[in-house]
4 protein chains.
Amino acid sequence: MSYFDGITPVTFEGPDSNNPLAFRHYDPDEVVMGKRMEEHLRFAVCYWHNFAWEGGDPFGGRTFERPWFGDTMDHARAKADAAFDMFRILGVPYFCFHDADVRPEGADFAENTANLEAIVDLFEEKMKDGPKLLWGTANLFSHRRYMAGAATNPDPDVFAFAAATVKTCLDATHRLGGENYVLWGGREGYETLLNTDMGRELDHLAKFIEKVVDHKHRIGFEGTILIEPKPQEPTKHQYDYDVATCYGFLKRYGLENEVKLNIEQGHAILAGHSFEHEIALAQALGAFGSIDMNRNDYQSGWDTDQFPNNVPEVALAYYHILKGGGFGTGGTNFDAKLRRQSLDPEDLIAAHVGGMDVCARGLKAAAAMLEEGGLEAALTDRYAGWEGADAKHMLHEESLEDIAARVARDGVNPSPVSGRQERLENHVNRFV
Amino acid sequence: MSYFDGITPVTFEGPDSNNPLAFRHYDPDEVVMGKRMEEHLRFAVCYWHNFAWEGGDPFGGRTFERPWFGDTMDHARAKADAAFDMFRILGVPYFCFHDADVRPEGADFAENTANLEAIVDLFEEKMKDGPKLLWGTANLFSHRRYMAGAATNPDPDVFAFAAATVKTCLDATHRLGGENYVLWGGREGYETLLNTDMGRELDHLAKFIEKVVDHKHRIGFEGTILIEPKPQEPTKHQYDYDVATCYGFLKRYGLENEVKLNIEQGHAILAGHSFEHEIALAQALGAFGSIDMNRNDYQSGWDTDQFPNNVPEVALAYYHILKGGGFGTGGTNFDAKLRRQSLDPEDLIAAHVGGMDVCARGLKAAAAMLEEGGLEAALTDRYAGWEGADAKHMLHEESLEDIAARVARDGVNPSPVSGRQERLENHVNRFV
Amino acid sequence: MSYFDGITPVTFEGPDSNNPLAFRHYDPDEVVMGKRMEEHLRFAVCYWHNFAWEGGDPFGGRTFERPWFGDTMDHARAKADAAFDMFRILGVPYFCFHDADVRPEGADFAENTANLEAIVDLFEEKMKDGPKLLWGTANLFSHRRYMAGAATNPDPDVFAFAAATVKTCLDATHRLGGENYVLWGGREGYETLLNTDMGRELDHLAKFIEKVVDHKHRIGFEGTILIEPKPQEPTKHQYDYDVATCYGFLKRYGLENEVKLNIEQGHAILAGHSFEHEIALAQALGAFGSIDMNRNDYQSGWDTDQFPNNVPEVALAYYHILKGGGFGTGGTNFDAKLRRQSLDPEDLIAAHVGGMDVCARGLKAAAAMLEEGGLEAALTDRYAGWEGADAKHMLHEESLEDIAARVARDGVNPSPVSGRQERLENHVNRFV
Amino acid sequence: MSYFDGITPVTFEGPDSNNPLAFRHYDPDEVVMGKRMEEHLRFAVCYWHNFAWEGGDPFGGRTFERPWFGDTMDHARAKADAAFDMFRILGVPYFCFHDADVRPEGADFAENTANLEAIVDLFEEKMKDGPKLLWGTANLFSHRRYMAGAATNPDPDVFAFAAATVKTCLDATHRLGGENYVLWGGREGYETLLNTDMGRELDHLAKFIEKVVDHKHRIGFEGTILIEPKPQEPTKHQYDYDVATCYGFLKRYGLENEVKLNIEQGHAILAGHSFEHEIALAQALGAFGSIDMNRNDYQSGWDTDQFPNNVPEVALAYYHILKGGGFGTGGTNFDAKLRRQSLDPEDLIAAHVGGMDVCARGLKAAAAMLEEGGLEAALTDRYAGWEGADAKHMLHEESLEDIAARVARDGVNPSPVSGRQERLENHVNRFV
């Protein structure tokens, strides 16, 4: 019997439906800007929050009662059954996982590897008629061995253990046809500068990623390697702080053509940025990869990983994604968790249904804005002065002296023109 | 008659002094780690907050009543007299200024330039027996022409006006023997992404800085070009967000060897970092230049620019500065302003005296920590594993496969060791 | 000639209109839950941000060029002409003002009063066929005399000056038929506890408000006295921090039946609350009065006073307002300002049109949610246990001992049930 | 064998000691302002963070390896042995605990009670020559039954279970001679307003506290009932947000004379206040009770519960405590936890030693400031105008009309005087 017994696959019923377990806006086959919505959004459901997280927080333990909670391979298989049931009910094209989400923790590396391989066998079977793998990853932060980091641990044996683990996870991802591999810098950061050699740790982190990139090429994995900006939590300072920081890191070590970014709304907020800022910046820097579409509460200073529910915000995120050409190997992953009071199987389904509908509305609004063209036209108009030959010449050829001479000679004395911000915000509100 | 009439030069009277206008800790001639304190700290007083700011905030106007407030050259000369009086009373070795701080705003570029040059003549005279110039800079943010940025303005004429202005200011800085030139990205950022082409604006900003670097070399200016991290305010998003962002920007455009960073405590806080983090990171990245030693209120979300008053925090900042070799051309600038209720001439003097004493205590504590060596010994010990030949071989030579094979073969299974954070914090408290 | 020359009164054109200066959602005559939308929303436009603010910020001065900027009565009259033109173009039923917004600053109290009275004469004339007055207020924070507070100033003469000023403003509000009088605690707070006697200042503030309440009754003003929660800015700590703080203050001094709250989205955000929290709490405490419908940027730590643009958020605010019975004497005031780059007359109009449309959409969504009833039904269901006689008996009659005896005897051991948060969020998304 | 084997009782060795496990500043017998330091500070060590917390965070599990971790009474006894060993080593006069810290979780209320009573027997024995109990409390937030609150739970059975539990804990506290009883509002708050009836929940919370107060009087407990301000975490919004909110709540329900506040630095920071603000406000409102002396990291948005380490900040807290007359039944509790990397027994001891020394330095600095009197003199001077008969008459007797008439007649036109903030900050720095 399925954990989701009695819940049938979710279908599109249109905006007037009152069915809480139907899509009102997400119709996978609806064509938006010449492409099916499913291919635009590339939804993925994560294993971690849905099947491994038990509902605990710093002030209380497990609230969920899932039959698969436990430390044996039987539990892991029951968990996989439930997970693939849910993927099927939701009809998502992708899922993703950490090694520690899907297999019991072993006594050592060998046992971890054996456990993982057994589950990968099972996944391979289940994926024949189920979702594909958006990305795999290794959990290098939950076990106490990683308490001081993995690649940036002061103990080289931890680096080694982590490196060996990533090898097995990248191999597993490759075997399962994963389209990306994620390196979230779980505890790559510090609690206090007093015990931290930041320069050394950054060098080690770069070496670690280089080895991952090398291994990717060695085994012929054609997916994208992704790192994931986050400013803090669990550590006081995470090295992959935000998009700009990650870019600078990759550029410093010559990795900018090999590694892209997986951007999360919640992490953007924690770093003091809007989600669309992080996406737009990543695109400007050629570093955009994929997104985690889970929001943070604006008033909470920790990572709340909630399902998206604000269409206007989601629309601006997809606007920048579509404007940049849409996803390549990336997709829309829900790295979101239920509130710990949401105990029922139906909560798991409904949360994803709601999130997918919010994304569908956001995507359609974004497409409509692009097709209408008003925002882009306003932008073109605003920078039109830079398209003139004189402006280009100044920008590329003239020295400060040249420019100063001209300004003095011609009495250049520019008058400001309206930035029209409110009018542009009103324009957006026609579409969301 | 001087504005500071009746206030005599501030002298060192030692820790037991009750004189509110005496140094209790800052003795310029005291030798710390083999160097006079004055040469370590390299204090500078800024023109902007002390002599140009009128005490206004978004909810109220001018509170200060300074005889030099006004728009004429006579006012500017009276202001210079007061400023140099204050520099002399404080005995600081440096000052710094924006063009707009020292000269009245002219009707156009030519008048601005003429006004500036007249003041530079005056400064040259006054500096004969007064302080030196730590840095000069141009105000590219107060005038309405810069409301949408200077180097990143959508209007090429504003770029031109800004470039011409920087030429005159860099020339003035050079003529006055300035040791650095600062480019604070005042309004280089955006209010809304809806009207902003971020990629283009970053390219323009880089071009602008390239031209400044070229001009520096052309005129033989040997000081350092500095940019200044700040995350927001006045704009919603400032392009020079924090140290990591600035580094990535410089690296992207090949400017990382030409431009260094001027780091401010208040801006660090606004970006979600500690001051010592920003300093330590800049040093790890080879980008450290100078500091603005003014704090932000931790509970206020705007730039409060207060004088430093917390010795333990200041000590950690100087610890990282000393550990990295101290200042080169940089120094300790007070980019701090009085609270707007602090109306008296004595407030201006006392605020600096207090700030200088806090810095002196911080510097001495930092030196003592370095000389005692406990923190560095703990760090060496923590990373000792990486000094072994095997660890180095792994880091530099081995692939993921090599490492995984070894981990499996040897059953590598590291045990964590204490990070000792509280013991290290206690250690610091022995010195502050 | 009008400042808004060429801009005709804004009319409702329906959601398909492309006209940036038409209402797409706000039809004043549309009936929602049995009442015209105009009567529900009770829109007011503020004088302060629209006509008195010059576009300055802490890093730059005036950007706007309004013909009425200046310090004479002629300027004030030109300003009034422009303001009433705008009120007419927007068709709003209300406006509101500070004394300092509408009259030039005089040399002393007498001149201020005379100036105000002359403008009130003018307003009285203009209001014959124009908007009504939602509220009046006194600016007790911009002039330097108020730099250390008004009612809480250490100098009793400032208290006196402020009290006298409020008398004239309350009289003016009464004469103009104002429906409320607002006491925003501009600088009632502190910059540093070191120079502040908080207990004394709170006592003085209460005395001040008591006098205002007495005067209201004396002159027969039947409007509501409102105070306005704000956590900080301009001061480090504002005494009217948030709704809960204001309630505690009023309750302490026995003012809770005389004074209600004017709640602003931007201030709620700065205090760490959602707007709907502040509204719902005020209603639970019987303290709800009116709203300022202007948002803060979630990523900026100062008061940005932007026009509302997020319909889902606005809908939740109106949901709580409608659920509590709607506005009494209060209304929806836009205490919002243009971005300082928005220079054009059209920006002023468009910003309000967009804000009014967002409110109209929010109101209609809120009404639809209430009429559909799903949220209220879920709430009733969740607390149903408390409707039982046993539960009521326990709550009102039983001691800890009684309860403990029963829990032990009956083995009371409750099981949690789902909080259904995501399902409720999805439900809301059917309406916004 | 003790868990702290080899660690001898910590003694005072003076400021020059290099011994990391000696007091350098805390000498219990040193007399400060006429009272022994131990009696001033009234240190307490908490059970919760030191002995019950396992080192987990949202991203990883247990890091500590304590022999007493486990779910049996034997584990609980071993834990008590270690705890009292540590209390003895530190020489603290007080400790405090939640029920769930000290006894294993039972299957039901009866088993919980029996387990608690057995431990109370043990404590009674151990306390004969050990520390006294500063306060006891019940953990009404960790078990899943409390996931939606205890006193504010939608299920009356949870209210009952919580009430019964508090009865047993208050009885235990009374039996052990506890000097206070704490009601921390663990999950009294909400995750979303969508499923919350805030007015009802606040009423229930008040009823719950009334019952606790009644029970206190019934059993003759003479200690103080304390509630503890915290703005958020674990819930999105905690009802006991901050001091002002707690005061308003108590006042509303007529509980302000029965219940006082336990104020924590970390919670103050999270609510946007300084610690000294919360203390000073509680004293102004007559609500001050006790303190939790554990800091939050200013850059982390969750409760980090770190040991205090910044003397200047701690000094300001004690300044307000001493100024208000010092602690009554309250004390200085370390509700602080080790960083999760601090694995060693020595870390537990050293963290407390460092915290106690920081408090001792803070206390001595605060006493010195009070004895020197400069801050109080400046305050008296600033408000001197209010001591005049005219000012008092105005405040207490005059109406707005009276005042306005006088202002007009006399041409009252006050001039501002300096607030001297920087000079006062410098003054403080002479003592810290």
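Visitor: What makes the charged end of R66(A) sit over the ring of F64(A)?

Guide: This is a predicted model, by the way. The charged end of R66(A) lies 4.3 Å from the centre of the F64(A) ring, and the distance part of the call asks for CZ of Arg within 6 Å, along with a position within 35 degrees of the ring normal. Chain C has a case too: the charged end of R145(C) sits over the ring of F161(C), 3.8 Å from its centre.

Visitor: Why is the pair of Y298(B) and Y298(D) called stacked?

Guide: Ring centres have to lie within 6.5 Å, and planes under 30 degrees apart count as stacked. Here the centres are 3.8 Å apart and the planes sit at 10 degrees, so the pair is stacked. This one crosses between chains: each Tyr is in the loop between strand 11 (288-292) and helix 11 (311-323), Y298(B) in chain B and Y298(D) in chain D.

Visitor: Why does Y298(B) count as partly exposed?

Guide: Buried means under 20% and exposed over 50%, so the 26% relative accessibility of Y298(B) makes that residue partly exposed. Y298(D) is partly exposed as well, with a relative accessible area of 26%.

Technical notes. Residues numbered from 1 in each chain as written. Chains lettered and ligands numbered in written order. Predicted model: local features only at pLDDT ≥ 70, side-chain atom pairs only at ≥ 80, totals over all residues. Heavy atoms only, no water. Phe/Tyr/Trp six-rings, centres within 6.5 Å; stacked < 30°, edge-to-face > 60°. Helix = DSSP H or I, 4+ residues; strand = E, 2+ residues; numbered from the N terminus. Buried < 20%, exposed > 50% of the residue type's maximum accessible area, 1.4 Å probe, protein only.
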